[in-house]
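Trainee: I would like a close look at one part of this model. Please take me through it step by step.

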Amino acid sequence: MSDLLSDALLLPAIVIAALGYLVPRLLARALPEGVKPLLLNTFLSTILLFAISAMFFVCLYLWQGVSLSELNASGLSVSVVFFGRLGLASAIIWAPIMLLSVAGLPRKWVKETW
């Protein structure tokens, strides 16, 4: 069971899914109510989740014992593209959850109406 949580896809999927829900909710606290801020929240959440997912995969590689020098052995740009592709692929997990989270935000509006 511990291998399932540490080496397999279950733990990263749970963390990425939770971030897909939490990031728009946290941004909504800083942004005003309204349709334009809601669209801005969606855009910022997408950018942040892409970056957080890519960094999460970097941390997973480091946790598994790969050193930074090994990650950058073929060049920094190659590593950035590789982890960027992993962050983009993880959108399969966080994008639907993020969209549902953003869609639920107008229910909590007090001043504006949808």
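Trainee: What is the relative accessible area of F50?

Mentor: The value is 34%, so F50 counts as partly exposed (buried is under 20%, exposed over 50%, partly exposed in between; 1.4 Å probe, protein chains only). This is a predicted model, in which local features need pLDDT of at least 70, side-chain atom pairs count only at pLDDT 80 or more, and totals for chains, interfaces and linings use all residues. Residues are numbered from 1 along each chain as its sequence is written, and side-chain values use heavy atoms, leaving out hydrogens and water.

F50 sits in helix 3 (helices are DSSP runs of H or I, at least four residues, numbered from the N terminus). Beyond its neighbours within four places in sequence, F50 contacts G84, G87, L88 and W94 (contact means heavy atoms within 4.5 Å). The C-alpha atoms of F50 and A95 are 9.6 Å apart, across 45 residues of chain.

W94 leads on to the core. W94 is among the residues with the most contacts inside the largest nonpolar core, as are I16, L38, L49, F57, F83 and M98. That core has 17 residues (buried Ala, Val, Leu, Ile, Met, Phe, Trp, Tyr and Cys joined through side-chain atoms within 4.5 Å). Helix 2 (10–30), helix 3 (35–63) and helix 6 (91–103) each supply at least two of its residues. Helix 3 gives the largest share, with six.

S45 also belongs to helix 3. Its relative accessible area is 0%, so S45 is buried. The S45 side chain reaches the backbone oxygen of N41 at 2.7 Å. Outside the four places either side in sequence, S45 touches V23, P24, L27 and M98.

Now the rings. There are four aromatic pairs in the structure (ring centres within 6.5 Å; planes under 30 degrees apart are stacked, over 60 edge-to-face, the rest tilted). F56 and F57 have centres 6.1 Å apart and planes at 70 degrees, so they are edge-to-face. F56 is buried at 18%, and F57 is buried at 16%. Y61 and F82 are also edge-to-face, because their planes meet at 85 degrees, with centres 5.9 Å apart. Y61 lies in helix 3 and F82 in helix 5 (residues 76–89), so this pair ties together parts 21 residues apart in sequence. Y61 is partly exposed at 31%; F82 is partly exposed at 37%.

Leaving aside neighbours within four places in sequence, F83 contacts A54, F57, V58, Y61 and L71.

Technical notes
A polar contact is a pair of N or O atoms within 3.5 Å; within protein, one must be able to donate a hydrogen and the other to accept it, and residues adjacent in sequence count only if both atoms are side-chain atoms. Rings of Phe, Tyr and Trp (its six-membered ring) pair if their centres lie within 6.5 Å; planes under 30 degrees apart count as stacked, over 60 as edge-to-face and the rest as tilted.
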